[in-house]
Amino acid sequence: MLKIVHLNTYDGNGGAGRACLRLSKALSDQNINSKVIVHYKFGKNPLIGTFNNTLLQKTYTAATIVFERILAKRLLKPMKRTPFSFTWFGRSVIHHPDVKAADVVHLHWVNHSFLNPAHLTELKKLNKPIVWTFHDSNAFTGGCHVRYTCDHFVRQCGYCPLLKKADADDASHQIWEQKHEAYQQLNFNIVAPSAWMLSSVLLSSLMKDKPVLQIPNTLETDVFKPSDKAAAKKNLGLPEDKFIFLTGFMPSRKDLHKGTSYLLESLELLKEKLGVKATDVELVVFGNRDAKDIPDFAIKTSFLGTISNDEKLALCYAAADAFLIPSLEDNLPYTVMESLACGTPVVAFTTGGIPDMVQHQQNGYLAEYRSSKSFADGMEWIINHTDQPALQQQAREAVMNKYAENLIAEKHIGLYQQVLQQHGQPITGGPHV
């Protein structure tokens with residue numbers, strides 16, 4: 001049986017963690033021996049391994065994660081709020097028994113003091129094929145996870161707009177040099193979940209010579225599925241006679257990555273467009289929120305708080321008439337895929353991997369990038385759409401045709417077979433399924 005070990009910083013915390021766990025489950029359902037091992041484990045799932053076997057080890061890991069973030073604040077410009085990872089801390093993973101036993105080592109998101117360039121280079125000692133899924137841009141930049149319009153990654157970084165001290169040999173260039181040295185010594189195959197990520201990899205100075213294949217993420221389509229909207233609204237205590245927009249909460253107007261300011265402006269424009277009919281529309285928000293930093297929404301808004309149960313989250317998507325995501329850069333955001341899987345159309349900016357999932361005016365609306373007016377037009381378009389059931393059906397079909405578990409598992413299995421053949425490595429534990 002083919003043995004795959006997935007390495008990720010966290011156990012389901014964030015999109016990358018969820019993608020890692022969902023892929024591992026999809027592979028297990030196809031009779032693949034698939035295990036996940038994480039740098040820091042929050043939960044108690046016995047199927048997820050960790051490199052911390054003692055309380056002391058876990059405490060040390062937590063300290064390096066926190067310390068890295070504290071040190072980073074001293075070097076980064078304030079108010080930018082763009083994720084950036086330095087390479088001060090890392091850990092060796094090559095002696096873990098599951099890593100040593102695996103046929104293929106599959107890397108996912110490995111920042112926050114986990115696999116820095118030096119410890120990535122160590123993987124060469126395993127003499128195993130390595131697959132690496134890029135969940136954001138950090139692997140091929142000098143530190144940032146979100147690039148926006150910055151094109152320094154196509155060269156050698158330096159003059160980083162995020163650093164207080166930016167010059168030709170600044171921290172971003174030094175990190176680029178560390179990564180370049182590591183990648184020259186290490187062979188790996190890249191998985192790009194979106195067409196946008198694929199094109200970014202091919203442009204990057206660090207990765208353009210590495211083999212790369214586009215394979216999307218997957219999710220549990222038996223959990224995230226449509227249900228009767230009226231019943232779902234009633235279950236959640238939402239008004240059945242209102243058009244419900246759902247969104248994940250962004251903490252403030254200063255949060256650049258998630259586009260909070262554009263959502264707020266779009267809602268103001270929508271209220272002007274609808275006039276008195278604006279009272280027929282309500283915004284529902286899920287996720288963390290800071291009670292001291294809640295922006296003013298132009299329409300009636302209610303908050304569901306953090307939802308940690310996938311069944312309840314799926315019910316929220318199913319209850320909504322449309323999902324709003326004003327994100328300015330995202331690889332293949334799960335909120336979009338989850339909403340579509342539940343039969344709920346999406347309004348989003350044309351950015352990142354979102355156009356892979358949302359087909360304009362078929363299962364949602366792709367607004368012009370950074371245009372609040374266009375985003376408001378998208379909301380109005382969905383409100384006035386004459387065939388809501390068709391929109392909902394096309395939303396579900398988009399996921400089932402491209403992101404269903406068996407489809408994505410089969411594509412990964414094909415890649416694993418390919419890299420093993422190229423590596424000349426025998427598969428342990430019997431014949432491959």
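Trainee: How many disulfides does a search of the whole structure find?

Mentor: The model is predicted, and the search of the whole structure finds zero disulfides. A disulfide requires two cysteine sulfur atoms within 2.5 Å. For Cys144, the closest cysteine sulfur belongs to Cys150 at 6.2 Å, which is too far for a bond. For Cys316, the closest is in Cys342, and 9.4 Å is likewise too far for a bond. Cys144 is buried, with a relative accessible area of 13%, and Cys316 is buried at 3%.

Trainee: How should I read salt bridges, and how many does the structure hold?

Mentor: Side chains of opposite charge can pair when their charged atoms come close. This structure holds 11 salt bridges. In one of them, the side chains of Glu338 and Arg18 meet at 3.5 Å, N to O. Glu338 belongs to helix 10 (residues 334-341) and Arg18 to helix 1 (residues 15-28), so this bridge ties together parts that are 320 residues apart in sequence.

Trainee: Which other salt bridge ties together parts that lie apart in sequence?

Mentor: Consider Lys233 and Asp321, whose side chains meet in a salt bridge of 2.9 Å, N to O. Lys233 lies in helix 7 (residues 229-236), while Asp321 is in the loop between helix 9 and strand 11 (322-325), so the bridge ties together parts 88 residues apart in sequence. Both Lys233 and Asp321 are buried.

Trainee: What is the accessibility of Asp151 and Arg155?

Mentor: Asp151 counts as partly exposed at 37% relative accessibility, and Arg155 is partly exposed with a relative accessible area of 44%. Their side chains meet in a salt bridge of 3.3 Å, N to O.

Trainee: Let us turn to the rings. How many aromatic pairs does the structure hold?

Mentor: There are 23 aromatic pairs. To read one, take the distance between ring centres together with the angle between the planes. Phe67 and Phe89 form a tilted pair, 6.0 Å centre to centre with 50° between the planes. The pair links distant parts of the chain: Phe67 is in helix 2 (residues 55-75), and Phe89 is in the loop between helix 2 and helix 3 (97-101), 22 residues apart. Phe67 is partly exposed, with a relative accessible area of 43%.

Trainee: What geometry do Phe286 and Tyr317 show?

Mentor: Phe286 and Tyr317 form an edge-to-face pair, 6.0 Å centre to centre and 75° between the planes. An angle over 60 degrees is what places a pair in that class. Phe286 is in strand 9 (residues 281-286) and Tyr317 in helix 9 (residues 310-319), so the pair links distant parts of the chain, 31 residues apart. Phe286 is buried, with a relative accessible area of 11%, and Tyr317 is buried at 0%.

Trainee: Which residues do ring pairs link into a cluster?

Mentor: The cluster consists of Trp132, Phe134, Phe140, Phe153, Tyr183 and Phe188. Phe188 also takes part in a contact with a charge: the charged end of Lys210 sits over the ring of Phe188, 4.7 Å from its centre.

Trainee: Where does the charged end of Arg22 sit?

Mentor: The charged end of Arg22 sits over the ring of Tyr334, 4.3 Å from its centre.

Note on methods. Residues are numbered from 1 along each chain as its sequence is written. This is a predicted model: local features need pLDDT of at least 70, side-chain atom pairs count only at pLDDT 80 or more; totals for chains, interfaces and linings use all residues. Side-chain values use heavy atoms; hydrogens and water are left out. Rings of Phe, Tyr and Trp (its six-membered ring) pair if their centres lie within 6.5 Å; planes under 30 degrees apart count as stacked, over 60 as edge-to-face and the rest as tilted. Helices (H or I, at least four residues) and strands (E, at least two) are DSSP runs, numbered from the N terminus. Buried means under 20% relative accessible area, exposed over 50%, partly exposed in between (1.4 Å probe, protein chains only). A charge sits over a ring if NZ of Lys or CZ of Arg is within 6 Å of the ring centre and within 35 degrees of the ring normal. A salt bridge is a side-chain nitrogen of Lys or Arg within 4 Å of a carboxyl oxygen of Asp or Glu.
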